[in-house]
Amino acid sequence: MQSRQRSPGQIAGIIAVLVAILGVAIPLLIAILLADRQGRETEMRLVSAYADDVLHRAETSISQGYTAIRTLADRNPAEPCSDESVALMRKLDLESSYLHAVGYVVNGHMVCSSQGREGIDFPLGPVDWVSQRHVRIRLNVRFPFDEADTYIVVERNGFAAIMNRDLALEATTNEEDVSLGFFQPINGRFMALRGYVKPEWVGSPTRQVPRGHSVRTFVDAGYVVAVARSNRYLLGAVAALPVTYMHAQERSTAMVLVPVGLVAGIALALAALYLVRRQVALPAMIRAGLRRQEFYMVYQPVVDLCTGEWVGAEALLRWRRANGELMRPDLFIPAAEDAGLIQDITRRVVELVTQDLNDVFSIAPRFHVAINLSPIDLTSGDVLELMGGMAHRMKAGPGNLVIEVTERGFLDRELAQGVLHSLRDGGVKVAIDDFGTGYSTLAYLENFEIDYLKIDKSFVDTMNLDTPTSQVALHIIGMARSLDIELIAEGVETGTQATLLRELGVQYAQGWHLSRPMAAEELLLGLQRARPRKLMLVSMAG
Ligand code: C2E
Ligand code: CA
Ligand code: CA
C-alpha cells in the first residue's frame with residue numbers, strides 16, 4: 001500500500017502554523033517567565049529588606065537598653081533612686097529613641113523610673129529568661145498607664161530598660177500581609193511577633209542563619225521567608241509574605257510585558273507566514289511568469305584558454321517579475337522541479353534560445369550553445385523532439401547544441417542512457433554539469449557517451465590551495481584525459497586560476513574573469529567582431 005504523502009504546500013502550511021504558534025507562544029512564555037522571575041526577585045528583596053530592618057531596629061533597642069542599664073549601674077550603684085540617679089534616668093530615656101522608660105526594680109516591682117511615678121510598685125510579672133550576661137528578660141509586661149501596649153523589660157542588678165515590644169515591627173512596616181518578628185536564636189523564643197510564622201523557620205538548626213551571615217531567603221508553606229541573624233547579639237529577625245502576594249506582583253509585571261511579547265510574537269508569525277506563503281505561492285507565480293513572458297536568457301561564453309576565443313555559450317535563465325524583482329534560478333528551478341513545472345520551463349528556454357540565437361551558427365559555424373536540463377527532462381521522450389526541433393530551426397550541425405545535465409540525471413541509468421544515446425545520434429553533445437559534487441561520480445563515466453565534463457566551481461576555487469579538495473581537480477583532469485572527454489572549468493574568477501588550468505591541460509573555461517553572462521545581442525556582436533580577425537588568420541595561414 002502506498003503511504004499518503006503530504007504535498008509541499010501542505011507541509012509549508014503546517015510549518016507556517018507551527019511557526020505562527022511558536023512565534024506567539026515563545027515571546028509570551030518568555031514574558032511570563034521574566035515576570036515570574038522578576039516578581040520572585042522583587043518579593044525576595046522586599047522580604048529580606050524587612051527582616052534586615054527589623055533586625056536593625058531590634059539591635060538598636062537592645063543596644064540602647066544595655067547602654068542605659070550599664071551607665072546607671074556604673075554611675076550610682078549605691079543609691080539607685082536618688083534625685084541624681086532619676087535625673088540620669090530621664091537623660092538616658094530622652095537620648096534613647098527606642099526606650100520607653102528606664103527604672104530600678106526591687107523584688108519584681110519598679111521602685112523609681114525616668115517617667116516619675118508611672119507604673120511604680122506595679123508587679124512586672126515572671127522573668128522569661130536570663131541571658132548569659134545575667135540579664136533578666138521579661139517579654140510580656142503590661143503597665144496600668146498603657147493597657148494597649150506590651151513592653152519588654154531587660155534588667156540587670158535591678159537597673160531596667162523598658163521598651164515598647166512592637167515598636168521595631170511597626171516602624172518597619174504596617175502592611176497587614178507581612179509577618180514580622182525577632183527572636184532569640186538559641187531557644188527560638190520570639191520577643192516580638194506579628195502575623196503567621198512557622199516555628200521551623202527560625203527554630204530548626206538547618207534553617208538557622210549562621211552568625212555574621214546576611215539574610216537567608218526561601219519559600220516555604222506558601223510564604224516567602226527571610227531570616228536575618230545578628231552578629232552583635234543573640235538575636236534574629238524574620239519576615240514573611242504569603243506567596244499570593246508574590247503572584248499579584250508577578251501579574252502586574254506581566255501585564256506590562258505580555259503585550260510587548262504579543263506584539264513581537266505576532267510580528268514574527270506574520271513574517272514567517274509571508275515567507276512560507278511566498279514559497280507556497282511560487283509555483284503559481286512561475287505559471288503566471290510563463291504566461292506573462294517574464295523569463296529571458298543570458299549567455300555566458302565558454303572560452304578557449306589557449307586562444308581566448310569564444311567557442312560556445314551556456315544559456316542561463318533569468319526571471320524578472322512584474323514588480324521588477326529578479327528571482328534567482330537556484331530558487332525557482334528547484335521549486336519548478338517540485339511542482340512539475342520544469343518541462344514547461346525547459347520548453348520556454350528552448351523557445352527563447354531559438355529566437356535569441358536563430359542565426360548564430362551562420363556567423364560562427366563551430367560555435368556551440370549549451371542549455372541546462374533537469375533530471376526530469378531526461379525521463380521523457382519530449383526532450384528528443386524538443387532538441388530536434390531546436391536543431392532544425394537553428395540549422396544546427398553536429399556539436400552545435402549541447403545539453404548540460406548533472407549527475408542526478410543519471411539516477412535512472414537505463415532510461416538516461418537511452419535518451420542520451422538518441423540525443424547524440426541527433427548531433428547533440430552532452431556535458432556533465434557540476435562534475436565532482438555528486439557521489440556516483442566515477443563509475444558510470446565509461447558507460448555513458450559524454451562529450452564534456454564541467455569541473456565544478458568549488459574545485460576550481462580550491463585548486464591552487466593546499467586543501468584536501470585541491471587534489472580533486474587534478475584527479476578529474478587526469479580521468480577526463482584518459483577517457484578522451486573535453487573539460488570545461490566553471491567559475492574561473494582570477495587570472496591565476498585561468499593560467500593554472502591551462503597549464504594543467506584544461507582547454508575550456510567559463511567564469512567572471514573571462515566573461516560575465518550577457519544578453520544575446522551582446523554575444524552576437526562579440527562573435528561578429530571576432531569573425532574578420534579569424535578569417536584574416538585563416539587567409540594568412542592559407
Ligand atoms: P550552473 O549550471 O552551474 O550555472 C553556473 C552558474 O554560475 C550561473 O549562475 C552563473 O551565472 C554562475 N557563474 C558563472 N561564472 C561565475 C563566476 O566566475 N563566479 C561565480 N560565483 N558564479 C559564476 P546562475 O545563472 O544563477 O544559475 C544557477 C543555476 O541555476 C545553474 O547552475 C543551473 O543549475 C540553474 N539554471 C540556470 N539556468 C537554467 C535553465 O535554463 N534550466 C535549468 N534547468 N537550470 C538552470
Ligand atoms: Ca550549467
Ligand atoms: Ca555548473
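1. A residue counts as near a molecule if one of its heavy atoms lies within 4 Å of it. Around ligand 1 there are 21 residues, among which Q300, R318, D433, E493 and W512 come nearest. This is a predicted model, in which local features need pLDDT of at least 70 and side-chain atom pairs count only at pLDDT 80 or more, while totals for chains, interfaces and linings use all residues. Residues are numbered from 1 along each chain as its sequence is written, ligands are numbered from 1 in the order in which they are written, and side-chain values use heavy atoms, with hydrogens and water left out.

2. A nitrogen atom of ligand 1 lies 2.6 Å from an N or O atom in the side chain of E493, and a polar side-chain atom of E490 is 3.4 Å from an oxygen atom of ligand 1.

3. By class, the shell around ligand 1 has eight nonpolar residues (Ala, Val, Leu, Ile, Met, Phe, Trp, Tyr, Cys and Pro), eight charged ones (Asp, Glu, Lys and Arg) and five polar ones (the others, Gly among them). Strand 13 gives the most to this shell, with four residues; strands are DSSP runs (E, at least two residues), numbered from the N terminus.

4. The structure holds 21 salt bridges, each a side-chain nitrogen of Lys or Arg within 4 Å of a carboxyl oxygen of Asp or Glu. In one of them, the side chains of E155 and R136 meet at 3.4 Å, N to O. Because E155 lies in strand 5 (residues 146-156) and R136 in strand 4 (residues 136-143), the pair ties together parts that are 19 residues apart in sequence.

Terms used:
Polar contact = N/O pair within 3.5 Å; in protein donor to acceptor, adjacent residues only side chain to side chain.
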